[in-house]
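Biologist: I have a structure to go through with you. Can you put it up?
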Amino acid sequence: MIGLWYEDHEVGQTASLGAHRFTREAILDFARRFDPQPFHLDEAAAAKSIFGGLCASGWHTVSVSMRLLVDGRRAQRKALATDGEKPPPLGLGRGVRDLRWPAPVRPGDVIAFSLRVESLRETRRPDWGLIGMRIVGVNQDGREVCAYTLLGLAARRSA
Amino acid sequence: MDRLYFEDFPVGEVVEFGDRIVTAEEIVEFAREFDPQPFHLDEAAARESMAGGLIASGWHSAALMMRINCDEVFLRSSAQGSPGIESIDWLKPVRPGDRLSVRRMTLAARPSRSRPDIGVVEMRFELMNQNHEVVMRQQGSVFFGRRPNGEARK
């Protein structure tokens, strides 16, 4: 498990974020709210599209990966608090680099997400460091369906 | 309204569109589902954090911009998804009551090498608030179908 402070991170560390099953209902619900393009909403229209069938919005896929990332960290914060340790202040996300959706996510697909620490950078503020994490989602057939680098601030222990 | 094809996104074009007010309820609703961190969930906890008050998840901002783009552009176009996004930058917080719009710039356009019926358009999208401040910038490519032979240009 990778710690929550900036100093706990080293380039190359990896962690599993867990897996998530994308149901047809959830795919349609997200698409109706945020991405109502025919290939995310309608099987017949999707069959005629570049995707060849209904698939999840890419924004749905990345949002689910965020949920898994946050769930893991929440569990870690809780464990720290149980041990009587103060968890670090939460840092905000700064941005994303090189976001790709190499293959569609279909109804019923189970996507396993993982992360790898890609970069560490000190910032002008002594209390925060910037961490680049490559997050990758792979379906049940081993096919990569999403990958991106999340740039986020992490509190520094030394501050 | 005419359907938009690859040929309808000339390089250099800058267009502004959309008008969407973000409520505290929808910020919290998105966060509960996808990004349950205190500064997206709870005003009091958010005030104690580096956010200084309730702010939308960056992924919520991205999803809201997608919705504006769908309503204003993609749903009346031959858009066929995106191969990827080069960058997203969350520049300023999105707060309850903010009124969002989008500025779209066409940076480059080229026909697909493998699919003659598809073109790739590289775009920059800027999500702006009511003060015309850019709160999020996104740069990436979108696939558009090419105008079928014989269909008149609008």
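Modeller: A definition to start with: two strands pair if DSSP finds at least two bridges between them. Keep in mind that this is a predicted model.

Biologist: OK. What order do the strands of the open sheet have?
Modeller: The open sheet has 10 strands in the order 1(A)-3(A)-4(A)-5(A)-2(A)-2(B)-5(B)-4(B)-3(B)-1(B), and the pairing is antiparallel.

Biologist: Which are the edge strands?
Modeller: Strand 1 (14-21) of chain A and strand 1 (14-21) of chain B, each of which pairs on one side only. On average, neighbouring strands in this sheet are turned by 20° against each other, ignoring direction.

Biologist: Where do the two chains join up in the sheet?
Modeller: Strand 2 of chain A pairs with strand 2 (residues 84-90) of chain B, antiparallel, over 5 bridges. There, L99(A) has I85(B) as its bridge partner.

Biologist: And how many residues are in contact between the chains?
Modeller: On chain A 29 residues, in contact with 30 residues of chain B. Helix 4 and strand 2 (93-100) of chain A each supply at least two residues of chain A's side. By class, that side has 16 nonpolar, 7 polar and 6 charged residues.

Biologist: Back to helix 4 of chain A. Which strands does it lie across?
Modeller: Helix 4 (residues 58-82) lies across strand 1, strand 3, strand 4 and strand 5 (144-155), all of chain A. The helix runs at about 125° to strand 1 of chain A.

Terms used. Residues are numbered from 1 along each chain as its sequence is written. Chains are lettered from A and ligands numbered from 1 in the order in which they are written. This is a predicted model: local features need pLDDT of at least 70, side-chain atom pairs count only at pLDDT 80 or more; totals for chains, interfaces and linings use all residues. Helices (H or I, at least four residues) and strands (E, at least two) are DSSP runs, numbered from the N terminus. Axes are lines fitted to C-alpha atoms, for helices over the stretch in contact, and angles run from 0 to 180 degrees between N-to-C directions. Two residues are in contact if their C-beta atoms, placed from the backbone, lie within 7 Å. Ala, Val, Leu, Ile, Met, Phe, Trp, Tyr, Cys and Pro count as nonpolar, Asp, Glu, Lys and Arg as charged, and the others, Gly among them, as polar.
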